[in-house]
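Open the model in your viewer and turn on residue labels. This tour goes from stop to stop and tells you what to select.

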Amino acid sequence: MSKGLQVRVLMVCLALVAGLSALSGRLIYLQWGSADDLSSSNPGRTVKRPLLAQNGYIVDRNEEVIARNNPVTTIIVDKKNLADASVVAAGVAHARAVLHEDWASGSEQRRDRIVSSIRHDILSNRSDEEIVQQHLAFLANILTPHLDEYEHRDDLLAKIGPVKRGARGEQILAKEIPEEIADRIQDSVKENRIQCLRFEKSYRRIYPNPKLAAHVVGLVNYKGEGVAGIEKAMSRYLHGKDGYEITKRDARNLPLGKTSGVIMPPITGRDVQLALDLGLQAIVEEELDAGLAFAESVRGAIVVMKPQTGEVLAMASRPTYDLNKRENVDVAGVNYATQAVYEPGSTFKIIATSAAIECGLANSWTRVFCHDGVCNELKPPVKDYAPFGWLTLEEVLAKSSNIGTYQFAKMVGRERFYDYMEAYGFGKRTGIDLGGEQAGLTSRSTNNREFASKCYGYAVNVTPLQVANAYCAIANGGKLMKPLLVKSVMMPNGQRIETYEPEVIRQVISPETAKMMRRALATVTEPGGTATLGAVPGFGVAGKTGTAWKVIDGGYDKNRKVASFAGMLPVDNPEFVCVVVIDDPRTPNASHGGGTIAAPIFSKVAGRLASAMNLKPTRAVVAPLASQ
């Protein structure tokens, strides 16, 4: 073959390839192109629409539902079809056909013939504009009684707006209609042969108890994707996989036949079971609200944990919001328990005292000199609220002596104290399954005055959850646990596909030291301690008050405080740890300390929790003396 002939053959081949490629592109365009770009002569096209998946449920430890889905429907009108007399004439014909003498007794085929005849008559004898306007009125009469947002049919017509020949696009008429109402509308639309509406099925996330554990549960966006709380943290399980439906439609966007489609069903998300107990959560939230009202405060938190496993039984934060209404989320969306940091004050004294015991430097009866209320060893001096003189370790905790705590911290040594501070989990996130958790702020300062401040809870920032987790180590024999919020992931049929077990992070102190610390902390709620208002009848309570000045404009304001109490019961084998933090109490009816603001809240919460958990009293309850 000559070179010239080879070139001509090559050119012919290239031309054929180009032509076939163009033809293929055109076929793809016709298959998937927009309805608005198709000519009326096009015999058909395919439309792919998503079928939204349901999110999995969120349930508590007893499988009580926390979050579920409600099927809802959005009604959409195709304005192109709405303005097409040949499409809407069937609906107008049907309105007349039901008055025909043969309608009531006629078969389905007979009724179809009646509608077809009337439709032909309408299209032959009326203008397109007249048909469209009559259909609009007919459509409004059918929809308005079912849709509460439209008081009168004119309101619906105003929503649709002017309908002119050649109109394009879609208009949403109603969003998230409950399934039972949407089904009634859809049945009515089908019966009345209206063909310009589309019913888009989806699901709305519903929270049966919308004010319980709002910050823990979190929110989803309009796509059903988690954006906060457990909804976000466990979204990889909760969020299902959408399916799709492919249908063949004509140039007017109407279905071609009854079986001209393909359906890929959506896959429902997995259910997530939490360690929370909604019954206990309700108690905690009720008492937190009552305590904040008494304290005249708007911010605070309560965390309840099971010390042996690290399970979070309840977690409440204020301010809060309604999960269904979602009002003020930008203001109230911060989870105080995990995202707010504060200086803990005296609840931090467990570090110096437990470290001194663990290092073999002290025991419950070891005495230290607390001066006359002022220790001038450092500048500025370390001060107590009263002159205590000599105190044992138990008395240091019971009286909440800053100077005494500093003496034990000196025994331990600065670097070793910092080691224990970090071993208790301060300065690091706990790893709870919630986004946005704060790590707090600690430092290994070489400044001795700052070291002294740290040992009694200043110059450090913590979260309520960190404090609760540290006290769990005192309660469970010295083990720092990872907070356990999610217990399992389940299939919709209840089959567990993943289980989360308790996780020990490290052994902080020995069981013997932990036992000695519990006995020492029990003196805090006994006569002579700083938290007698934290006592619970029938139980021994171990705990510690915390009162810290707030930093305002770069300095401490002695009139603004954070009051807290961390406690556990029963003393010998605690079933739960409960931490109460009240930010900036303003009430004139009590001093603003941990023993007068937070401890009474703990007492009420712990008493109700003990009853709800069926805990047996460990101490005799002394009945009050009868009045004479």
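How far is the sulfur of cysteine 370 from the closest cysteine sulfur? Select cysteine 370 and cysteine 375 in this predicted model. A disulfide is a covalent bond between two cysteine sulfur atoms. A search of the whole structure finds zero disulfides. Cysteine 370 is buried, at a relative accessible area of 0%. Select cysteine 455 next: this residue is also buried, with a value of 0%.

Now select strand S21, residues 576-583. Eight of its eight residues are buried, so the strand is largely enclosed by the rest of the structure. Side chains in a regular strand alternate between the two faces of the sheet. On one side of S21, look for Phe576, Cys578, Val580 and Ile582.

Strand S9, residues 299-306, pairs with S21 in the antiparallel sense over seven bridges. Isoleucine 302 stands opposite valine 580. S20 also runs antiparallel to S21, joined by eight bridges. There, leucine 569 faces phenylalanine 576 across the pair. Follow the chain from S20 to S21 and you pass a hairpin of six residues.

Last stop: the second largest pocket, with about 880 Å³ of space. Select Lys383, Asn402, Tyr458, Thr547 and Trp549, the closest to its centre among 30 lining residues. Strand S19 (542-552) and helix H21 (594-612) are among the elements giving two or more residues to the lining. S19 gives the largest share, five residues. The lining divides into nine nonpolar, 15 polar and six charged residues.

Key:
Residues are numbered from 1 along each chain as its sequence is written. This is a predicted model: local features need pLDDT of at least 70, side-chain atom pairs count only at pLDDT 80 or more; totals for chains, interfaces and linings use all residues. Side-chain values use heavy atoms; hydrogens and water are left out. On a 1 Å grid over the protein atoms alone, a cavity is a set of points where a 1.4 Å probe fits but cannot get out, and a pocket is an open set with protein on both sides within 12 Å along at least five of seven lines; lining residues have an atom within 4 Å of a point. Grid points are joined across faces, edges and corners, and a volume is the space filled by probe spheres set on the points. Helices (H or I, at least four residues) and strands (E, at least two) are DSSP runs, numbered from the N terminus. Ala, Val, Leu, Ile, Met, Phe, Trp, Tyr, Cys and Pro count as nonpolar, Asp, Glu, Lys and Arg as charged, and the others, Gly among them, as polar. A disulfide is a pair of cysteine sulfur atoms within 2.5 Å. Buried means under 20% relative accessible area, exposed over 50%, partly exposed in between (1.4 Å probe, protein chains only). Two strands pair if DSSP finds at least two bridges between them.
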